[in-house]
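Here are a few notes to go with the model. Have it open while you read.

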Amino acid sequence: MSKLAIVLSSAFVLALAGPALAEKPSFEELDQNKDGSLSQAEASKSGLDFAKADTNRDGRLDRKEYEAALS
Ligand SMILES: [Ca+2]
Ligand SMILES: [Ca+2]
């Protein structure tokens, strides 16, 4: 296999895998106790930086904070 073919095929694999890897769980999936906000433990599965996402520093992430952190 030529170098170019290797580069092209890995770029193709990355293009396929990229969006799937970037996909974050939805707020509903993370809010396991359905109280409408994410505790640090609930949010940990999202891979977000909790301290950064919790913009009002109340120790919980509401939907707005979560969605803002994703974008
Ligand atoms: Ca919750
Ligand atoms: Ca908060």
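1. Let's begin with leucine 48, which is partly exposed because it has 19 other C-beta atoms within 10 Å. On this scale 20 or more other C-beta atoms within 10 Å means buried, 12 or fewer means exposed, and partly exposed is in between, with C-beta atoms placed from the backbone.

2. A word on provenance: this is a predicted model, where local features need pLDDT of at least 70, side-chain atom pairs count only at pLDDT 80 or more, and totals for chains, interfaces and linings use all residues. Residues are numbered from 1 along each chain as its sequence is written, while chains are lettered from A and ligands numbered from 1 in the order in which they are written.

3. Leucine 48 sits in the loop that runs between helix 3 (40-43) and helix 4 (50-53); helices here are DSSP runs of H or I, at least four residues, numbered from the N terminus. Leaving aside residues up to four places away in sequence, leucine 48 touches Ala43, Ala53 and Ala69, a contact being two C-beta atoms, placed from the backbone, within 7 Å.

4. Now for tyrosine 66, in helix 5 (residues 63-70). Tyrosine 66 counts as buried because it has 23 C-beta neighbours inside 10 Å.

5. Which residues make up the largest nonpolar core? Five in all: Phe27, Leu38, Ala43, Leu61 and Tyr66. Such a core is a set of buried Ala, Val, Leu, Ile, Met, Phe, Trp, Tyr and Cys residues joined through C-beta atoms within 7 Å.

Conventions. Helices (H or I, at least four residues) and strands (E, at least two) are DSSP runs, numbered from the N terminus.
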